[in-house]
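Please read them alongside the model.

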Amino acid sequence: MAERWQDEAWAKDMWWSGKTTRRKFLGLGAAAAGALGATLLVPPPWREAFGQAKPYKIGTLQPLSGAAAAGGKTALVGTQMAVDRINKAGGLNGRPIELIVADYESKPDVGRRKAEKLAVEDKIDAHQGGFLSNVCLACMPVFEEHKIINMIGVCLDTTITTSKCSRYTFRSFDYAPAQAVAFAPWLVKNIGPRWHIAYADYAWGQSTRDAYTEQIAKAGGSVVETTGIPLGTADMTPFLSKIRGSFDGFFGIFFGKDGVTIGNQAFDLGLTKKYKFAGDGAIAEATNLPALGNKIEGFYGINRYVPVLDPPLNTAAHKKFFDDAVARLKRIDPSGPLPDRYVQANFEAKNALKVGIQKSGFQGRADTPKLIAALEGLEMKEGDDFPQGDKTLRKDDHQAFLREFIFEIKDGKHRIVEVVPKEKTVFPPACKFA
């Protein structure tokens with residue numbers, strides 16, 4: 001199946017391995033041009049600067065078509081931002097990064113096939129990417145089999161770094177238990193003890209539901225009922241109309257288009273008027289706010305990243321990241337959305353991989369054990385590589401811990417209510433590497 005994302009306007013200025021361009025062949029006859037398909041390979045933009053230096057081949061699996069395409073495209077923006085910055089700064093160990101992009105069409109079976117192709121045919125040195133948790137879980141065994149480092153960019157399913165952990169997979173951002181540890185006490189104290197949770201009924205939503213159920217109980221509250229809604233449900237009213245009873249808060253666990261759907265339809269049914277509305281920050285990502293309008297006003301969420309330049313995000317490093325991301329996102333959406341956590345996490349995941357490669361002297365797959373050792377326990381310091389803030393990549397389970405932002409949507413914008421330091425988000429490891 002053709003990867004049509006390559007033909008979209010936003011991708012024209014983006015480099016990926018095998019990029020081609022159609023142009024007229026001056027001096028060639030029609031027959032010759034036809035035989036060649038009127039297509040020329042575009043030389044990598046870094047070729048002149050690096051000469052014949054062998055590039056690091058880094059694969060990135062993203063959903064650039066299908067149900068999660070909107071998020072996949074912003075995730076790819078973050079990865080490309082980091083690659084461009086690395087190459088402009090002289091590459092890694094004098095070598096450029098060559099990005100090999102694969103669209104898995106938002107399907108686990110396609111994702112596993114594309115991961116296999118990256119490993120066997122494209123012979124990537126490492127992988128950084130992933131968006132849908134069920135696809136990440138499907139692809140992890142492929143990277144383990146071929147002994148390829150897999151630096152995840154988005155997937156949040158808890159089991160990735162717990163019961164299904166792999167020595168070859170790292171997550172350089174938060175996960176549901178850490179968010180729940182940070183947010184549940186605030187929810188119980190500031191909104192109320194009794195909660196109803198509605199969630200996207202697949203790997204990430206289920207594991208996040210379980211994390212909040214546990215942490216709300218530990219904070220002295222309770223989850224009185226839960227409602228699972230299949231991923232990609234356009235009309236949630238049959239599920240939402242059954243939600244009633246005595247509880248204080250309505251907590252949502254959704255992302256992308258589903259985040260827009262739950263916000264709009266819960267408002268229309270009066271749920272967010274009757275109960276306080278809170279949830280995972282993915283519901284109110286900057287890219288969702290235009291479609292939610294004033295229906296998301298008053299929503300409380302938690303996120304590792306919010307697109308504001310208020311303290312503590314009023315740094316020069318964050319401003320550089322923010323401005324670059326805004327310019328690139330405008331090519332995808334002319335309305336000019338602000339960067340979301342998908343841009344941020346992929347940008348920083350690529351930089352974590354960069355730091356590990358530099359630290360270990362990694363040259364290729366044969367050096368994977370050295371790269372694993374360099375990444376385990378990695379301390380990532382706030383700055384140009386990590387504008388979100390300091391992070392620790394725990395050795396035990398390859399799970400990172402970082403500060404969290406509790407926010408309110410007020411006047412259509414994110415307003416930071418509380419900053420939870422990374423030390424207060426730590427959750428005990430539950431991983432035993434095979």
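1. T79 is located in helix α3 (residues 69-88); helices (H or I, at least four residues) and strands (E, at least two) are DSSP runs, numbered from the N terminus. T79 is classed as buried because its relative accessibility is 0%, where buried means under 20% relative accessible area, exposed over 50% and partly exposed in between (1.4 Å probe, protein chains only). The model is predicted: local features need pLDDT of at least 70 and side-chain atom pairs count only at pLDDT 80 or more, while totals for chains, interfaces and linings use all residues. Residues are numbered from 1 along each chain as its sequence is written, and side-chain values use heavy atoms, with hydrogens and water left out.

2. Which residue's side chain makes a polar contact with that of T79? The partner is Q128, at 2.9 Å; a polar contact is a pair of N or O atoms within 3.5 Å, of which, within protein, one must be able to donate a hydrogen and the other to accept it, and residues adjacent in sequence count only if both atoms are side-chain atoms. With residues up to four places away in sequence set aside, T79 touches T60, Q62, L99, Q128, N346, F347 and K350 (contact: heavy atoms within 4.5 Å).

3. Strands β8 (residues 194-200) and β9 (residues 222-229) run parallel and are joined by seven bridges; two strands pair if DSSP finds at least two bridges between them. From β8 the chain passes through helix α7 (residues 203-218) to β9 in a right-handed β-α-β crossover, that is, clockwise from the first strand over the helix to the second with the strands pointing away from the viewer. Within this pair, A198 is opposite T227 of β9.

4. M380 has K391 in β14 as its bridge partner.

5. Aromatic pairs number 17, counting rings of Phe, Tyr and Trp (its six-membered ring) whose centres lie within 6.5 Å; planes under 30 degrees apart are stacked, over 60 edge-to-face and the rest tilted. Y175 and F401 form an edge-to-face pair, with 6.0 Å between centres and 85° between planes. Y175 lies in the loop between β7 (169-171) and α6 (176-190) and F401 in strand β15, so the pair ties together parts 226 residues apart in sequence. Both Y175 and F401 are buried.
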